[in-house]
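Here is a friendly briefing on how the pieces of this fold sit against one another. Please keep the model open beside you while you read.

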Amino acid sequence: MKKMILLLLACVLVLSACSSGGGAKEGGAASDPNKKEITIWAWDPNFNIAALNIAKELYVAKHPDVTINIVEYAQADIVQKLNTGLNSGTTKGLPNIVLIEDYRAQNFLQAYPDSFHDMTNTIDPAAFADYKIGPTSANGKQYGVPFDSGVTGLYVRTDYLEQAGYKVEDLTNITWDRYIEIGKDVKAKTGKDFLSQDPNDLGLIRMMLQSAGSWYLKEDGKTPDLAGNPAMKEALETYKKLMDANIVTMTSDWSQFLAAFNSGNVATVPTGNWITPSIKAEASQSGKWAVVPFPKMAGNNSVNASNLGGSSWYVMNMDGQDTAADFLKQTFGSDTQLYQQMITKIGAIGSLKAAASGPAYEEGQEFFNGQKIYADFAKWSEQIPTVNYGLHTYAIEDILAVEVQNYMNGKDVDSVINDAQTQAEAQLK
């Protein structure tokens, strides 16, 4: 993998030296950086595409000479198309702006550094949540415009808690150990599992790790950090306690995950705030939900805040790059009213600090019994520990997914971590 990245970097540098504009350009040179027609790629029509349409409307109202084409692709297709195009040494056929998941950003920025437009002097990186800057910058330059926040929370069914003799306060700012204790009691008294989980999805482990300021990789973003990582060990041990407590509804895909809480089969959902629209989709449960801070691990300086997911916008070095950069600057990079509309219309929480307040954030949500959930999420986002997702999040998870199942089936935790470390080192060298 290292050799591949070095080879890709070398190819990009050669191409860069041969072009007049210092990067992989359409047709070899950026002849019209102010071109007034731009194209944007993103996924998820109900979230990212919806946010883009709001931003487009606001921008075009002020710049009627600009044409903005929004194209929806699945995230996997965007990743493939970017890699194919950039690996060929050209941005021809690629968009002016592309949405990239934060977990994947460093792979593109480090492999194709000259293909992305430097936004350092276009936006103010300090204006965004601190934990979003690491994934969106490289080599001292800010490339991404941070977008949505994956700040986590613990969604709880208040009626089930009350049936078992608990209040929302009893689940507020708790540890996972206490969460498991309450979960057992709630199931004994109501018959409801406490959460659902796909055994092949390591999202819970990701969230536990980041709550302790740790990740699968060391600070360099390249070296596996599994063996000898106390937060990794505690996260695995905590995960096994959850699975062994008999309070988990097992699922195998996204639709089953949604059905578990929409049907009323589980009492809590610990995940990113982007799940809010899916929870609200079951109108009959209005007034029966609340959101409290994410549970923390007992040790390793874990806090009651974490992140799951999130993505950011990137401008490609090609015709129209200045127009694209200006679009991002005036919308996602600074427009607090855009973020107010995003909250109101689609429930999307951004990571622009100045947008973390206002009427939309302070409005009580009827579905959540009047709770100001967006103001709460904004407050919790300030507490998320910063980690370097680096280059190999998904490669290491492929290894861990197998080893975690070995752990569930009786393999010793230290052996699991050590074996995963050995495999990761061998695969990524």
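Helix α2 (residues 48-62) packs against helix α13 (residues 336-346) at an angle of about 140°, and their axes are 10 Å apart. This is a predicted model, in which local features need pLDDT of at least 70 and side-chain atom pairs count only at pLDDT 80 or more, while totals for chains, interfaces and linings use all residues. Residues are numbered from 1 along each chain as its sequence is written, and side-chain values use heavy atoms, with hydrogens and water left out.

**How the terms are used**

- Helices (H or I, at least four residues) and strands (E, at least two) are DSSP runs numbered from the N terminus.
- Axes are lines fitted to C-alpha atoms, for helices over the stretch in contact, and angles run from 0 to 180 degrees between N-to-C directions.

**α2 with α13**

- α2 and α13 are therefore oblique to each other (under 35 degrees counts as roughly parallel, over 145 as roughly antiparallel, 65 to 115 as roughly perpendicular and the rest as oblique).
- On the α2 side, Ala50, Ala51, Ile54, Ala55 and Leu58 meet Leu338, Gln341, Met342, Lys345 and Ile346 of α13, where contact means heavy atoms within 4.5 Å.
- By class, the contact of α2 with α13 holds eight nonpolar residues, one polar and one charged (Ala, Val, Leu, Ile, Met, Phe, Trp, Tyr, Cys and Pro count as nonpolar, Asp, Glu, Lys and Arg as charged, and the others, Gly among them, as polar).

- Helix α8 (residues 203-211) and helix α9 (residues 230-244) have axes that come within 9 Å and cross at roughly 135°.
- That makes α8 and α9 oblique to each other, and α8 passes α9 in a right-handed crossing.
- Leu204, Ile205, Met208 and Leu209 of α8 touch Ala231, Met232, Ala235, Leu236, Thr238, Tyr239 and Leu242 of α9.
- The contact of α8 with α9 has 10 nonpolar residues, one polar and no charged ones.
- Helix α7 (residues 176-190) packs with α9 at an angle of about 0°, their axes 10 Å apart, so α7 and α9 are roughly parallel to each other.
- Trp176, Asp177, Tyr179 and Ile180 of α7 make this contact with Thr238, Lys241 and Leu242 of α9.
- Four nonpolar, one polar and two charged residues form the contact of α7 with α9.

**The five-stranded sheet**

- An open sheet of five strands runs in the order β2-β1-β3-β12-β6 with mixed pairing (two strands pair if DSSP finds at least two bridges between them).
- β2 (67-72) and β6 (145-146) are at the edges with a single partner strand each, so one side of each has no neighbour in the sheet.
- β6 pairs with strand β12 (residues 311-315) in the antiparallel sense over two bridges, and Pro146 has Ser312 in β12 as its bridge partner.
- Helix α4 (residues 102-111) packs on this sheet, touching β3 (97-101) and β12, and its direction makes about 120° with that of β3.
- Helix α12 (residues 321-330) lies across β1 (37-42), β2, β3, β6 and β12, at about 150° to β12.

**The three-stranded sheet**

- A second topic is the open sheet of three strands, ordered β10-β7-β11 with antiparallel pairing.
- β10 (268-272) and β11 (289-292) stand at the edges, each with a single partner strand, so one side of each lacks a neighbour in the sheet.
- Neighbouring strands here are turned by 25° against each other on average, direction ignored.
- Strand β7 (residues 152-157) pairs with β10 in the antiparallel sense over five bridges, with Leu154 opposite Pro270 in β10.
- Helix α15 (residues 373-381) lies across β7 and β11 and runs at about 140° to β7.

**The whole chain**

- The protein chain has 17 helices and 12 strands.
- Its C-alpha trace spans about 70 × 50 × 35 Å along the principal axes.

Methods
Left-handed = near helix turned anticlockwise from the far one by under 90°.
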